Amino acid sequence: MIQVWRILFLAVLSVLLPVSGARAQEDMVSVSILPGWQMADGSHVAALKFELADGWKTYWRAPGEAGIPPQFDWRGSRNLARVEIEWPTPKQTVTNGMRTIGYEHVLVLPVRLTPERAGQPITLSVDMEIGVCSDICVPVSVTVSQALEVSEHRPDPQIAAALAARPYTQAEAGVGRVVCKVSPIAGGGVHLVAEVDVAAMGSKEMVVVETGNPALWVTQAESVRQGNRLRAEAEIFHGEGRGFMLDRSGLRLTILSTGDAVDIRGCPAG
């Protein structure tokens, strides 16, 4: 049933035209760059700031059952070698009976930037495709650009707060044993069972499974807690119906709840 709903949702989106520029910024979302500051190691911390109109939301990197995953193209930037996005902890919501993951009101999305030439300024330019939803979902195209000063070293409080709102690491959350068991299923996919030893940090716990391979699609995991162990089951398929090898080191498990969140990288065999 989850797959059927997702197919129907994407079919509706396919007939919607992207909304760009002034209309997107005026009616649903305004996007700007917070220039941030230069770090002692020569890298730069900046952020994208999304200001959403009342009643509208946008999505996390893994949007849930019915959502549009954001896409970013940094190729228009100058003196930029690497970008690392630091996602703040998102919220779970329900849209038309389907669970989605994202943000409302204001999203400050920090980015850690590595320059090609140390000591020289970066011009940050990004073309992005994001989903913005209320009663309907609209794919939005936005481009923003700004030169970043190398002389600024004072942290921006907005960016600092967003960095502090990220999920805990495994060490910070006191995560113990993490194992994943994989078995083949009909249709060329695999059934994944993940077990994580960690104390509960809130209610409505949800494990989000990501593979690191954009060609693979993961169903929403069914999560069950038994004492200090959280068990999640999901199915993984190739988007084109092909066979595939699953890289366990590339698996990423994010535990979301009404309280804190935990980010787990890699999931070895049991």
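Asp 127 stands opposite Thr 143 in strand E11. The model is predicted; local features require pLDDT of at least 70, side-chain atom pairs count only at pLDDT 80 or more, and totals for chains, interfaces and linings use all residues. Residues are numbered from 1 along each chain as its sequence is written, and side-chain values use heavy atoms, with hydrogens and water left out.

E10 and E11 (residues 137–148) pair in the antiparallel sense over 12 bridges. Pairing requires that DSSP finds at least two bridges between two strands. Strands (E, at least two residues) and helices (H or I, at least four) are DSSP runs, numbered from the N terminus. E10 and E11 form a hairpin, with 3 residues between them. Buried means under 20% relative accessible area, exposed over 50%, and partly exposed in between (1.4 Å probe, protein chains only).

Strand E5 (residues 71–73) pairs with E10 over 3 bridges. Here Gln 71 stands opposite Glu 129. E4 pairs with E10 over 2 bridges. In this pairing Thr 58 stands opposite Val 132.

Strand E4 (residues 57–64) also holds Lys 57. Lys 57 is buried but has no salt bridge. A salt bridge is a side-chain nitrogen of Lys or Arg within 4 Å of a carboxyl oxygen of Asp or Glu. The nearest side chain of opposite charge is Glu 104, 5.8 Å away. Charge counts Lys and Arg as positive and Asp and Glu as negative, leaving out His and the chain ends. The side chain of Lys 57 makes a polar contact of 3.0 Å with that of Thr 93. Another, of 3.4 Å, joins the side chains of Lys 57 and Thr 100. A polar contact is a pair of N or O atoms within 3.5 Å; within protein, one must be able to donate a hydrogen and the other to accept it, and residues adjacent in sequence count only if both atoms are side-chain atoms.

A separate paragraph concerns the open sheet. Its 4 strands run in the order E2-E3-E9-E6, with antiparallel pairing. E2 (29–38) and E6 (82–85) stand at the edges with a single partner strand each, so one side of each lacks a neighbour in the sheet. E3 (residues 44–52) and E9 (residues 106–114) pair over 8 bridges. Lys 49 has Val 108 in E9 as its bridge partner.
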